[in-house]
Amino acid sequence: MTFYQSSPPAGPEAHLTWEPFMHEALRLADMAEQRGDIPVGAVVVDAFGRVLGRGENRTIHGTDPTAHAEILALRDACARAGNHRLPGMVLVATLEPCIMCVGAVIQARLAGVVYAARDPKAGCLESCLEGASLPWSNHHFWIFGGVLRDECSARLSGFFQRRREEKRLFKHAER
């Protein structure tokens, strides 16, 4: 199930199909998981459908709490664009962004965010906060959620289930 909040895409990005970009974000999420990080990936797409930035979670591997996939994708896109603002561009992420990432979306002046799975504990687009339409914010953006939701949710659930099992086995082995 997908939905729009705020204004749906009306500019050049309205013609884009988001699944190929989400598949790229999933590929990046797989790379993060192979390193032992939470499998979240993100890409920044311009209005013509070109991927300008890529990122995968590196919080564990990089011992950096700010190294979320979304932040790294924005940093990559800004470096390539040569600008700290990315107007007209869209962030595509496998997980609903947290408050830090929503803040970065606002600062980058993105046109919108597409995401797959909701994050009921920390998601700040609809789950815990409606970050796209904060009344005090100087920038608002559209959101589109649920793209490849089941596939992305299954990856995350599987990762955390394996981590819980590893922790249980480790505790059992200590006895």
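**A chat about Cys124 and the fold around it**

Me: Hi! Let's start with Cys124: buried or exposed?
Reply: Cys124 is buried, with a relative accessible area of 7%. Keep in mind that this is a predicted model.

Me: And how far is the sulfur of Cys124 from the closest cysteine sulfur?
Reply: That distance is 5.7 Å, and the partner is Cys128. The two sulfurs are too far apart for a bond, because a disulfide needs them within 2.5 Å.

Me: OK, how many disulfides does the count come to?
Reply: The count comes to 0 disulfides.

Me: What about Cys78, buried or exposed?
Reply: Cys78 counts as buried because its relative accessibility is 17%, and the cut-off for buried is under 20%.

Me: Switching topic: what pattern does the protein follow along the sequence?
Reply: Reading along the sequence, you get β-α-β-β-α-β-α-β-β-α.

Me: How do strand 2 and strand 3 run?
Reply: They run antiparallel, with 5 bridges joining strand 2 (residues 41–45) to strand 3 (residues 51–56). Ala42, for instance, stands opposite Gly55 in strand 3. The two strands form a hairpin with 5 residues between them, and Gly49 in the turn has a positive phi of about 85°.

Me: Which residues touch the most other members in the largest nonpolar core?
Reply: Those are Trp18, Leu86, Val92, Val114 and Phe141, in a core of 50 residues. Among the elements giving two or more residues to this core are helix 1 (19–34), strand 5 (112–117) and helix 4 (149–174). As a general point, nonpolar side chains tend to be buried together in soluble globular proteins.

Me: And how much of the whole protein counts as buried?
Reply: 49% of the 175 residues do. The accessible surface is about 8,900 Å², and 56% of that belongs to carbon and sulfur atoms.

Me: Now Pro87. Where does it lie?
Reply: Pro87 lies in the loop between helix 2 and strand 4. Pro87 is exposed, with a relative accessible area of 58%.

Me: Which residues is Pro87 in contact with, leaving aside neighbours within four places in sequence?
Reply: Ala108 and Arg109. The C-alpha atoms of Pro87 and Arg109 are separated by 5.3 Å, though the two are 22 residues apart along the chain.

Me: Last one: what is the mean pLDDT?
Reply: The mean is 89, and 88% of the residues reach 70 or more. Residues 1–7 stay under 50, and the model has 27 contacts for them beyond four places in sequence.

Technical notes
Residues are numbered from 1 along each chain as its sequence is written. This is a predicted model: local features need pLDDT of at least 70, side-chain atom pairs count only at pLDDT 80 or more; totals for chains, interfaces and linings use all residues. Side-chain values use heavy atoms; hydrogens and water are left out. pLDDT is the predictor's confidence in each residue, from 0 to 100. Contact means heavy atoms within 4.5 Å. Two strands pair if DSSP finds at least two bridges between them. Helices (H or I, at least four residues) and strands (E, at least two) are DSSP runs, numbered from the N terminus. Buried means under 20% relative accessible area, exposed over 50%, partly exposed in between (1.4 Å probe, protein chains only). A nonpolar core is a set of buried Ala, Val, Leu, Ile, Met, Phe, Trp, Tyr and Cys residues joined through side-chain atoms within 4.5 Å. Accessible areas come from the Shrake-Rupley method with a 1.4 Å probe; for residues, only the protein chains shown count as cover.
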